[in-house]
Amino acid sequence: MLDCGLVKSKCRKKFLKSKYIYTGVRALLYQSIVQNYHDFVVERNLDLCINCRVCERQCSYLVHYWDENRQRVMHDSSKCVGCHRCEALCPTGAIVIKRNPSQFRENSHWKPWFLKNVYKQAEQGGVLLSGMGNPQPYPIYWDHLLLDASQVTNPSIDPLREPMELRTYLGSKPDALEFVERDNKVNLKTKLSPQIKLNYPIMFSAMSYGSINFNLHIAMAKAATELGIVYNTGEGGLHPDLYKYGPNTIIQVASGRFGVHKDYLNAGCGIEIKIGQGAKPGIGGHLPGEKVDAGVSLTRMIPIGSDALSPAPHHDIYSIEDLRQLIYALKEATEYRVPVSVKIAAVHNAAAIASGIVRAGADIVAIDGFRGGTGAAPTMIRDNVGIPAELALAAIDQRLRDEGVRNKASIVIAGGIRCSADVVKAIALGADAVYIGSAVLVAVGCTMCQRCYTGKCPWGIATNVPALARRQNPEIAKRKLVNLVRSWGHEIEEMLGGMGLNSIESLRGNREKLRAVGLSEIELDILKIKPAGR
Amino acid sequence: MTKKIVIDAKGIYYKELNQQIRKFIQKGYTDFELLNVSGQRYIATGLEGDYNFLIKGVAGQDTAAFMRGPYLRIEGNAQDGLGNTMDAGKIVVTGMAGDVLGYAMRGGEIYVRGDVGYRVGIHMKAYQDKLPVIVIGGKAGDFLGEYMAGGILIVLGMFSQDKIAPITGRSLATGIHGGIIYIRDGVPDTQLSFNLKVEEIDEQDSVLIHKYVSNFASELGLDAEEIMDARFIRIRPKSHRPYGNLYVPN
Ligand code: SF4
Ligand code: SF4
């Protein structure tokens, strides 16, 4: 390090003598003030580092570089987004990514987050952009809910010994069933509405091809098929190679109507009208032209390199009546063969809106809470708009019951389901099934760095750059997804069995099986559950 | 081989009417004449193939949504959502059409003799050899061609019921990032927003307009040369990336 000091002091002398001192100072100082206020620091243990340059190849943000003079790998922490890819792949474990310990004076109002954002906006003048779901410390209701278990009075069930039913059907259920008896056989007379059959009450949430790459779409399609569940295309159309997974695919129709045509509508086992998304309720989406490569262009049916702008609303839906019109246009276009879902973000009046959606003829209502992920959302929206999925779910289930229309549609909850216990709690709160999105990405390596919108995801997830996308092998990714859902399935069975239930149906909306800790009376009333101890 | 059937739609609920049509299609019918249509929805919605429809009366909401191929001649008016997300085919309306005509339309042609409502041609897009075209003989309401990403909109303003309204309404083509709008006799400056490039047409445009105006005229028994005998202007987006510089990473 001594030589560095020398170089510096030489420079300094020269610099001070320079006749361009003022302009020189300016040139030197013209560096963004946020540049050194970066969020992460790379720590390289020089005893362990073997200069193999793996980190340099892995980091798509060009943090690590080869220094010819020093003949070793160096890094520029200011560019690091904290994705941990280099750390995960360093063969000697020489790298640790840490939070930048540099501290501003304590101020619980002006936290560094706000300071840094103001600096950036003052300098660049734009809307702050983020990825993934709301990361702010709002209450997480899942963590205030506890499950019941049988003791003495009703025996618990061991799922390893006894059959346990996780099968779930999504779609409109009749008000009553009628049967006819013929030749000593009882047959169902009531005509059932189309249903989506799930072996687990779990589906892979809408993530468009474009926001994540094709390898992961193959993985989701194959995993869903193997598991007997479904994945959702998102608003990016459907690649011709994936039509064969149609029976396990929900196809999405959103405001941009990208890649929406007759074959697409008829390709899946269900159609979802996307009204809103938990991460960015009330606003549309902009897939930048850079991400529209040949494959994305093919499925979205827009020219290569053109921006894909999804307007905030569907411009043919300005009311519940209009929504009904689109629901039935889709039913007509598919000759009533598949259920139609309507997905909304969890917002203040979610319960009333959901009631309207059911009355508009939707077979499934999907609600996305504010923890739900996204490839890109304005930070202020992501962090400040919408309500927790848990509260919206409880309110919607209750409202539909009170109005006597709960059977007319299934409820699917999305937005921040992290583990099988969240799934069980969601079902006890009234959901028929859950969507998992972020968990799918985490299963294949995502570290929630929240920089998906750069298109440079070092984990090969939220990127279409071929060299990065190759980091996801569809077969390996599929295996991980199958493992994840199977293991959650086992855990759900264990929890059900513990409660003395042998079917997920018996848990649905069964709030007796939930107790709350640390919630106010109003929250308990909304969730319609008792406090622990009562 | 064409095989024709006449259906009197009077008093038939839309679901039943569309089911009937699908059944006849299965039986090999290709040409349909629908009489007394009074707002039945979704006629020819999601329909693919070489079919001809003559619809007499008022075609209902979302007629020809997601349609790919058929030819529809509507002798009368059409309600909202005609040609919604249409992929291919041709629609002629001898009267007027309602709101959201040709929303997110990707291909095919729509010719309306009279006025059209609000939000017409929103998010029209072109792809490869698909080029959606809408020709409006009358005037258009607010938000014409918003978010337009491709295709051609031609507004003539000639066969309007409304003597007072400007040829197009407010928020003309906001958020447009592709495609072209042609307007006969120009449009008042007050209707134009800053993101638009408004120019006189050139030779190429003239050829293009002539082509679609001729189709329009021949479908509707009008004189193409008379329609062409006027000044047309061309409206295109100033930027193909209207939201390109909006964001700061955080
Ligand atoms: S790979 Fe990720 S964690 Fe490692 S330096 Fe690059 S951005 Fe930072
Ligand atoms: S998908 Fe990639 S870019 Fe997005 S949060 Fe996960 S690791 Fe980061």
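Rings of Phe, Tyr and Trp (its six-membered ring) pair if their centres lie within 6.5 Å; planes under 30 degrees apart count as stacked, over 60 as edge-to-face and the rest as tilted. With that rule I looked up chain A and found that A:Tyr37, A:Phe104 and A:Tyr119 form one aromatic cluster.

I am working on a predicted model, where local features need pLDDT of at least 70, side-chain atom pairs count only at pLDDT 80 or more, and totals for chains, interfaces and linings use all residues. Residues are numbered from 1 along each chain as its sequence is written, chains are lettered from A and ligands numbered from 1 in the order in which they are written, and side-chain values use heavy atoms, with hydrogens and water left out.

**Aromatic pairs**

I got a count of 11 aromatic pairs over all chains. A:Tyr209 and A:Phe214 have ring centres 5.4 Å apart and planes at 45°, so I noted this pair as tilted. Both A:Tyr209 and A:Phe214 are buried (under 20% relative accessible area, with exposed over 50% and partly exposed in between; 1.4 Å probe, protein chains only).

Next I checked B:Tyr14 and B:Tyr42, an edge-to-face pair at 5.2 Å centre to centre with 70° between the planes. B:Tyr14 sits in helix H1 (residues 14-26) of chain B and B:Tyr42 in the loop between strand E2 (31-38) and strand E3 (52-59), so I am looking at a link between distant parts of the chain, 28 residues apart. Helices (H or I, at least four residues) and strands (E, at least two) are DSSP runs, numbered from the N terminus. Both B:Tyr14 and B:Tyr42 are buried too.

**Charges over rings**

Here I needed NZ of Lys or CZ of Arg within 6 Å of the ring centre and within 35 degrees of the ring normal. The charged end of A:Arg99 sits over the ring of A:Phe40, 5.1 Å from its centre. I also found A:Lys343 over the face of A:Tyr435, at 5.8 Å from the ring centre.

**The sheet in chain B**

I traced an open sheet of 11 strands with mixed pairing, in the order E1-E2-E3-E4-E5-E6-E7-E8-E9-E11-E10; two strands pair if DSSP finds at least two bridges between them. Strand E1 (4-8) and strand E10 (196-200) of chain B stand at the edges with a single partner strand each, so one side of each has no neighbour in the sheet. Strand E9 (residues 178-184) and strand E11 (residues 232-237) of chain B run antiparallel, joined by 4 bridges. There I saw B:Ile183 opposite B:Ile233 in E11(B).
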